[in-house]
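Biologist: I'm new to this one. Can you put it up and walk me through?

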Amino acid sequence: MKFNRLILANLFRKKIRLALTLGSFAVALFLFAFLAVVKKAFTGGADLANARRLVAINRVSIINPIPLSYRDKIARIPGVQAVTHNNWFGGIYQDEKNFFPQFVIDPENQRQVVPELVVPEDEWKNFLKDRQGAIVGARTAKRFGWKIGDRIPIKTTIYGTGGAWEFIIDGIYHGQRREDDETQFWFQWDYFEERVPERFKGLVGWYAVKLDSPDDAVRVAKAIDAEFANSPYETKTETESAFAASWVKQFGNIEFLILTIGSVVFFTLLLVTGNTMAISVRERTGELGILKAIGFKDGTVLFLVLAEALAIALVGGFLGLGLAILAIPALASALSGLLPNLILSKSMLTAGIGFALLVGAASGLLPGLGAMRLRVVNALRRV
Amino acid sequence: MVSVNNNGNSSALIQVRGLNKAYHRGEEEIQVLQGLNLDVDKGDFVAFMGPSGSGKTTLLNLLGGLDVPSAGTISVAGDEITHMSSSRLTEWRARHVGLIFQMYNLIPVLTAYQNVELPLLLTRLSRSERRRHVETAVSIVGLADRMHHFPRQLSGGQEQRVAIARAIVSDPTFLLCDEPTGDLDRRSADEIMALIEELVDKHGKTVLMVTHDPIVAARADTVLHLEKGVLVEASKSRQPAVAGLAGGAA
């Protein structure tokens, strides 16, 4: 492009100012990526939720269990393809810092209801045969260096007196999608039922219900809740995405919080860069006058100012996002288990570049319009 | 007061008729130029002299299409510029006017080469064609060996040479010089004037120059005096050049 050298020369006119402006863009874009990743980690469950799955919990709260006997009753409701049940184990592996979610599963129906978490067939067969067997997500296996055959002691904090339960890793599951949670630890219902104190026996944490069609969701949910209405264990059934969303709400309005921080970052950056561009253009009023005097049109002058602002935005944006690409995996590794899906996706990077360009364009627009409207004779007086 | 003469040379390159320019300061109207008529032929070298505030620079700005008159017309090579839109006037300026200023007005972050190339960026010339034109212009002003220097690495005289190269690189119809030697020592001023004379004599350029300096003005073909916006006197200097001169009656 013919004007490249002119744009570049103007950009490098004040190197310290350029570095500081690039730095503010980089920091803002890093923060943008970080906030986007955290938001996604909190709310991503709803996005990943299967439209053909319902979750039935105790109407009082998810902490309260519901009877195992509900399984067959739910399975008989028209529109239900399969039912599985889970319990939260909440155990500790070696140290409390080593958090990862452990679930008691119903091996008979688990794979049918949750097909996106894939276990190799031979490993699954071994698991079914092994009462103490466990299936672990690939990320957790990698995190602790576990391999098939390893014996893993996990201390219970909810069930019993706190002794360690021993499990044998029979398989490692992988998610079909990049965002799928690969941190879970599954073990057999029978083993759980055998070891828990009497008062916990025959009780499950929740049911996951697979439907024939997503269109049946409302009807089946109502039917399940109606089935157990006025019983000691009333249920609350909702779609998996609604369940995930209400789970996130327990932490507070994360989305609002992130949006607020993001907006503050956006406007601060806009003010900083807008001010920088305005100063930069004002300093060059005379030169812009010269350009217009020798034949640069108003539109070309506007283009030059905007191109400078956009170039700063783009380079600063790439720096910030590059930093995020390097830092977020490290952060994800440090927070593994607590926030499982800290993944910087391509769509977030694209949105980040879009965000940078938007701020760049907005910050360059007013000074650019000012430069465009500059009268040559007035500008030349300021040389 | 100079008498009105609208019967100038109709084939003149630049024809100015009844040119008025007034500024408003609050309620007060300040008449800067008052009914000027002027004809300049191709190849003429005209100097405008006069005290500060007499309207020399205003006249130059109007002739260069940098400002618009309050009344009257300016035609250059048949194009009447006074009624052109701002956008057309900018295009016209790029094609027809070469501007040389007292303070050189180079872009400090560009090299001499890049400064000279600026007007060509507005054309459809290829990079190699632009290079050829720039090298020709730079060699005419005698700065081929300083082409890649930045303005801060050049003397005042050299900077003005770069400005002249920038003014002539697109081969404009005429050059407007606003105090081209005003910021130079006598020796450098002589060199610049010799260069401008060369542009007129050797390259057939038409030059209109504003100056305070009578020695510089004496190098022009014709010297016109402006006083309070009125052309009051004309004198031939080097040789007859101005085809038709008339002072507009106020």
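Biologist: What radius of gyration does chain A have, and what would a compact globule of 383 residues have?
Modeller: Chain A has 29 Å, while a compact globule of 383 residues would be near 21 Å. The radius is taken over C-alpha atoms, and the globule rule is 2.2 Å times the number of residues to the power 0.38. This is a predicted model: local features need pLDDT of at least 70, side-chain atom pairs count only at pLDDT 80 or more, and totals for chains, interfaces and linings use all residues. Residues are numbered from 1 along each chain as its sequence is written, with chains lettered from A and ligands numbered from 1 in the order written.

Biologist: What does its C-alpha trace span?
Modeller: About 95 × 45 × 35 Å along the principal axes of chain A.

Biologist: How many helices and strands in chain A?
Modeller: 14 helices and 12 strands. These are DSSP runs, numbered from the N terminus: helices are H or I of at least four residues, strands E of at least two.

Biologist: Switching topic. How many residues of chain A are in contact with chain B?
Modeller: 18, against 19 residues of chain B. Contact means C-beta atoms, placed from the backbone, within 7 Å.

Definitions and conventions:
Contact = placed C-beta atoms within 7 Å.
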